[in-house]
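Thanks, everyone. I will take a few minutes on salt bridges, and then we can move on.

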Amino acid sequence: MHVLGVVARDYSLSGTLRKERALYCEGEKKCDNLEKAAELDPTLNYLYMYRAACLMRKQSVEAALAEINRVLGFKLALECLELRFCFYLALEDYRATLCDVQAILTLSPEYRMFEGRVAATQL
């Protein structure tokens, strides 16, 4: 049983290493590393957040929202809620935007948004 735990840990670690490698790559290499990282550890928030940000740059707000909702479907992460908040703002869905801010404040009353520049309580 111990061997299985070591293999699982190494498998997850490989996904994290691929993600880190992708941070320093450009273009196709970045995408290849992120796809491999997703295969090795599909629970890494960054993968979904990066793909959602790329979709936003392509002006595909609905697709970006769907991508970030994928990760929020199995892992509640404040940075993902913050990103979804921005997507809802782009869609002018203020009710959903408010729900995300309330969720963020419920989970972490001291949370600061926009790279730490704004306290969530000020929104």
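Arg51, Glu67 and Arg70 are linked in a network of salt bridges. Keep in mind that this is a predicted model.

Between Arg51 and Glu67, the closest N and O atoms are 2.9 Å apart. Arg51 sits in helix α3, residues 45-57, and Glu67 in helix α4, residues 61-72, so this pair links distant parts of the chain, 16 residues apart. Arg51 and Glu67 are both buried.

Glu67 also forms a salt bridge with Arg70, at 3.2 Å from N to O. How far apart are Arg70 and Glu67 in helix α4? They are 3 residues apart, which means a separation of about one helical turn.

Now the accessibility of that second pair. Arg70 is partly exposed, with a relative accessible area of 46%. Why does Glu67 count as buried? Its relative accessibility is 10%, and the cut-off for buried is under 20%.

Arg84 belongs to helix α5, residues 78-90, and Asp100 to helix α6, residues 94-107, so the pair ties together parts that are 16 residues apart in sequence. Buried or exposed, for Arg84 and Asp100? Both are buried.

As for the total, the count comes to 3 salt bridges.

Key. Residues numbered from 1 in each chain as written. Predicted model: local features only at pLDDT ≥ 70, side-chain atom pairs only at ≥ 80, totals over all residues. Heavy atoms only, no water. Salt bridge = Lys/Arg side-chain N within 4 Å of Asp/Glu carboxyl O. Helix = DSSP H or I, 4+ residues; strand = E, 2+ residues; numbered from the N terminus. Buried < 20%, exposed > 50% of the residue type's maximum accessible area, 1.4 Å probe, protein only.
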